[in-house]
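Subject: Structure handover

Hello,

Here is the structure you asked for.

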Amino acid sequence: MAKDETPTSDDARPWQSYHTVYTNAKAGMDGVDKEKVQRIVYEMSQGSKYFENEERKEAFIRQKIENMRARCAKLSAEDISHFQMVAEKRILELEAARNLSRIWIHVDMDAFYAAVETLSNPSLKGKPMAVGSMSMISTANYEARKFGVRAAMPGFIARKLCPELIFAPTDFKKYNYYSDLTRKVFQKYDPNFMAASLDEAYLDVTEACKEKGITGEEIAEEIRANIFEETGLTCSAGVAANRLLAKVCSDINKPNGQFVLPNNRVAVMTFISSLPIRKIGGIGKVTEHILRDALGINTCEEMLQKGNYICALFSQSTAEFFLSVGLGLGGTDTPEVRLRKSISNERTFSATGDETLLYRKLEELSEMLSADMQKEGLCGRTLTLKLKTVAFELRTRAVSLQKHICSSEDILKHASKLLKAEFPISLRLIGLRISHLNIERDGALLDPTQKTLTNFFVSGDTSSKDVDGQRSFGLDTINFLMNNDNSDSFIGEHETHHTHSDVDDNDNSTLSSIAAQMEKFHNSSSDVTAYKVEGTSCPNSVTNGANFLEAEVGSSMGQRELFLWVNDYKCSLCGIEMPPDFVEERQEHCDFHLAEKLQKEESGSGFRNSTPKHRAEQKDQISSPSQRKKGRMSSKEGRHIPIDVFFVKSNQNF
DNA sequence: GAACGAGTTTTTC
DNA sequence: GCAGCGAAAAACTCGTTC
């Protein structure tokens, strides 16, 4: 169809209603003929199974939107007035918490993968190129973006848009190398910088500015110059009072540029007022669609104007996020170390229903996942099988195990069971994910048989041993001991039960120190015996508890009950009597008290496993329920705002 | 009501 | 010449159990 024709409906230009992500404004795509891109994407997709599935998803979202509109229409004047008050109150509270004292920089490498490829192959310079394959593109350089080619676009569509497009295969070894170089630069300006991905990072340069006596703008220039010097690559930067704004700012003068948003309220509000909501990290295609079509919200400012409807329709946490966006608020703290929650892999292949072939795929994935886990020293307890059918429908099937696993044999064994239950099925993708991870901070592999507290309650199994086949003290044990400041008691070896939260803040030196103190205590004599389970030697022997107070491990010092076998016979905590030769029973009994204690701790103080620094941070975060929520959100820079919450109420109507 | 498991959805590059 | 749309992580829901 000629460009100057003026059709009157979607029937004439059906691609207009096909919502792809490819027309979303991205750096370097300002001059792109979006309609042309949309038409080509539509034409190449139309009639495919993928397309049909996209239409199904789209229809579902439209249904949700209709539902929300209906609910809006049903709101009485009283309701609207009520929610207006709720919104105003919340806005005032958020406003009161505004922090303009920090200077954050978001650094984003320009077309990173493509730039690295060009660096190693200068003949690519000036030519449209993309990193990826015919099925999917990871990133495209700026020459390619002029044609509408962009990340997450299938290669065959990209080639249609730009027949001259050169493809380079992904090479993560190279990208990691250059990423490390950039991180060394970041480190100089903020030792606690937050890496968002290989090519992005957030830096709190407040202190660096003070030390150097220069502005955020000057620091950003310095960082960018340093990165170029170290890598030969350009990057862009955004400077603002919080991470959310800094991220938006870094995109403004891309590539090889920067934008500074002054740390004052007027500047922030002016900046945010006309900003399209899609520019905000965490607001994606679906959220944009819903806010626009259900509430007529297109800009951040409108989040505030429609605050009453936002409060009426969305869950509290989502409403709060949207109102924060309207105020230009974002994370200003340096979040505590975030440990990963899951690890996964998935592979797409030519659709098949051949069971032997599918099992083989599963075997490959199990081996890959196991290798990845062992590289990072992870074990997990929940295995999730992800399947994508020939019709692009997604299914997940999960199983939670009694033990943590990491071997490919274990993964395959359980994954096979899950897959078997789905046969007959024709698939184009299989994925495996392990969650409920058991993480040790120094990266060493934990004993895969060590169990979580939950497992303990479920199974009562006490058979775990360390890699040397010896029983060992886990960090839960240490925490337990920390919490029992009992200089007179003697505590022997016992079963270990780990939960990842229990190990959060124990570093090597701390643990060594604790172990040394335990050793000392172990060597001191006592007339009572506790936790006598097996007579194997252990490097983490128990030491005098008095010194534990000095250790940098979180503990609730208020609780100092004694746990021991009085006269080697009677439990000091509950009075139950158990002869010394009831080894297994005593083990289970000890574990019960340990678990009970840990559970109390878990539900009680949040400071249990924190270093003093983290305790202080956590204290700030938990000062109110709303702040708790905010803290959690800020730790991710609001990057991920699941849409589920939109439907908290509306779901009930389906 | 808290905790947990299973499943789904969203976002990002 | 033809067909053809990824991978990883997290957050949140609902339902169940205790």
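**Cysteines**

C162 is buried, at a relative accessible area of 0%; buried here means under 20% relative accessible area, exposed over 50%, and partly exposed in between (1.4 Å probe, protein chains only). This is a predicted model, in which local features need pLDDT of at least 70 and side-chain atom pairs count only at pLDDT 80 or more, while totals for chains, interfaces and linings use all residues. Residues are numbered from 1 along each chain as its sequence is written, chains are lettered from A and ligands numbered from 1 in the order in which they are written, and side-chain values use heavy atoms, with hydrogens and water left out.

A search of the whole structure for disulfides (a pair of cysteine sulfur atoms within 2.5 Å) found zero. C379 is in no disulfide, and its nearest cysteine sulfur, that of C406, lies 3.7 Å away. C379 is also buried, with 0% relative accessibility.

**Salt bridges**

Side chains of opposite charge can pair when their charged atoms come close. The cut-off for a salt bridge is a side-chain nitrogen of Lys or Arg within 4 Å of a carboxyl oxygen of Asp or Glu. The structure holds 28 of these salt bridges.

Which residue does R98 meet in a salt bridge? The partner is E95, at 2.8 Å from N to O. R98 is buried, its relative accessible area being 14%.

K386 and E346 form another salt bridge, with 3.1 Å between N and O. K386 belongs to strand β10 (residues 378-389) and E346 to strand β9 (residues 342-352), so this pair ties together parts that are 40 residues apart in sequence. Helices (H or I, at least four residues) and strands (E, at least two) are DSSP runs, numbered from the N terminus. Both residues are partly exposed: K386 has 24% relative accessibility, and E346 has 33%.

In the salt bridge between K375 and D372, the closest N and O atoms are 3.7 Å apart. About one helical turn separates K375 and D372, because they are three residues apart in helix α16 (residues 355-376). Is K375 buried or exposed? K375 counts as exposed, at 68% relative accessibility, whereas D372 is partly exposed at 27%.

There is also a network: K89, R90, E93 and E320 are joined into one by salt bridges that share partners.

Regards
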